[in-house]
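Colleague: I have never looked at this one before. Can you walk me through it?

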Amino acid sequence: MNTPFPADRYSQRSQQIAPFHVMTLLARAQALEQAGHDVIHLEIGEPDFTTAEPVVRAGQQALAAGHTRYTAARGLPALREAIAGFYGSRYRLDIDPQRILITPGGSGALLLASSLLVDPGRHWLLADPGYPCNRHFLRLVEGAAQLIPVGPQSAYQLTPELVQQHWNGDSVGALVASPANPTGTVLAADQLAALSASLHTRGGHLVVDEIYHGLTYGLDAPSVLEVDDDAFVLNSFSKYFGMTGWRLGWLVAPPQAVPELEKLAQNLYISASSIAQHAALACFSDEAMAVFEQRRHAFAQRRDFLLPALRELGFRIEIEPQGAFYLYADVSAFTDDAQAFCRHFLETEHVAFTPGLDFGFHRANQHVRLAYTQPVERLQQAVERIARGLRSWSGAGGG
């Protein structure tokens, strides 16, 4: 029998990257389902809709046509041109397709940006709470995230004042998300411009996660490229376009950065999936866009049901989310142990949602995230179960 490899022989960076706690929750939820229980999934940031038929059809056609070989590291020229056209039609921006790199998911775009912009020991400013993988990618490239506690007062977003307060000699930039995960808040054009000016004054980069663009309700999220042509933009086909399992995203970069980014792409992943790229061309068709808009309206209806329903139960949600498909709720009226709170609802009521610990450290034990990625009928069932679960939580001395 082989002797187990001692844990202290693994890299420090690996040991310092935290697991995704929601995946443990998901595994338990799936085990409950296998045991015959009906679990309502509000924990995973994945739309319940399958990939739209026009996109599936394009992928099938790509397979039949033999489009199974590597593409150029920057991606299919036709797809980069289609994305540039999308910026023109949606944002009235003239983006050169040469500035666009196709990546394996939005994560691939973040990997390129962090590899390019962060030296060992340097850091980006990030909001806490925020998407956890952002800080882990920085650790992977031997950089760091300086997490800045934010709350409802700034709509859970960084501000120029916070940049001024926390910037130091090791800072090289900031990463913000609009719409944000887990809070769903959106940065207006003037807020993006102010952040950009604050960073450029200090010689810093602005990187903006626009992965949830398209999934906004009652407003259109501006792209940072409308106010800062030198910003780096991360985007993805996973959320609005519904291609989660295809693993496809893109990065828009300043022209001078593209050769370095292309070199990194060649070395890190060679190219994104050729089949996924050919399928994604169909995303920009009128037929597919009609599907995406129908789904956006469905998400709006879900938000408009779940938000007041949870508030009525005592969940504190001070900022109405303007985008994405999440509610970030303060549960301090019930508990200061969000993990135990989530376990209670999963085990007793078979409703799965995510503890705040997955999104940072600032008041994490007093917050949970619920994803409204289920039909309204299922959300109604979830609210009924949560109401019942709150009674048993209180009866058991929870909180």
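Modeller: Let's start with the largest pocket. It is lined by 30 residues, and Phe20, Gly45, Tyr131, Tyr212 and Lys239 lie nearest its centre. On a 1 Å grid over the protein atoms alone, a pocket is an open set of points with protein on both sides within 12 Å along at least five of seven lines, a cavity is a set where a 1.4 Å probe fits but cannot get out, and lining residues have an atom within 4 Å of a point.

Colleague: What kind of model is this, and how are residues numbered?

Modeller: This is a predicted model, with residues numbered from 1 along each chain as its sequence is written. Local features need pLDDT of at least 70, side-chain atom pairs count only at pLDDT 80 or more, totals for chains, interfaces and linings use all residues, and side-chain values use heavy atoms, with hydrogens and water left out.

Colleague: Back to the largest pocket. What is its volume?

Modeller: The largest pocket has a volume of about 570 Å³. A volume is the space filled by probe spheres set on the grid points, which are joined across faces, edges and corners.

Colleague: Which elements each supply at least two residues of its lining?

Modeller: α2 (21-34), α5, α6 and β7 (232-236) do. Helices (H or I, at least four residues) and strands (E, at least two) are DSSP runs, numbered from the N terminus.

Colleague: And how does that lining divide by class?

Modeller: The largest pocket's lining has 13 nonpolar, ten polar and seven charged residues. Ala, Val, Leu, Ile, Met, Phe, Trp, Tyr, Cys and Pro count as nonpolar, Asp, Glu, Lys and Arg as charged, and the others, Gly among them, as polar.

Colleague: What about the second largest pocket?

Modeller: Its volume is about 210 Å³. Among its lining residues are Arg90, Tyr91, His213, Asp220, Glu293 and Arg296. α4 (77-91) and α11 (286-313) each give two or more residues to that lining. By class, the second largest pocket's lining has five charged, three polar and three nonpolar residues.

Colleague: Switching to helices. How do α5 and α6 cross?

Modeller: The axes of α5 (residues 105-117) and α6 (residues 132-140) come within 9 Å and cross at roughly 45°. That makes α5 oblique to α6. Axes are lines fitted to C-alpha atoms, for helices over the stretch in contact, and angles run from 0 to 180 degrees between N-to-C directions. Under 35 degrees counts as roughly parallel, over 145 as roughly antiparallel, 65 to 115 as roughly perpendicular and the rest as oblique.

Colleague: Which residues of α5 and α6 meet?

Modeller: Ser107, Leu110, Leu111 and Ser114 of α5 meet Cys133, Asn134, Phe137, Leu138 and Leu140 of α6. Contact means heavy atoms within 4.5 Å. By class, this contact of α5 with α6 has six nonpolar, three polar and no charged residues.

Colleague: And where does α9 come in?

Modeller: The axes of α5 and α9 (residues 258-268) come within 10 Å and cross at roughly 120°. The two helices, α5 and α9, are therefore oblique to each other. Leu111, Leu112, Ala113, Ser115 and Leu116 of α5 make the contact with Glu260, Leu261, Leu264, Ala265 and Leu268 of α9.

Colleague: Last topic, the backbone. Where are the cis peptide bonds?

Modeller: One joins Ser178 and Pro179, with omega about -5°. Another joins Asn181 and Pro182, with omega about 25°. Pro179 is in the loop between β5 (171-177) and α8 (189-201), and Pro182 is in the loop between β5 and α8.

Colleague: What is phi of Glu142?

Modeller: Phi of Glu142 is near 70°, a positive value in a residue other than glycine. Glu142 lies in the loop between α6 and β4 (144-149).
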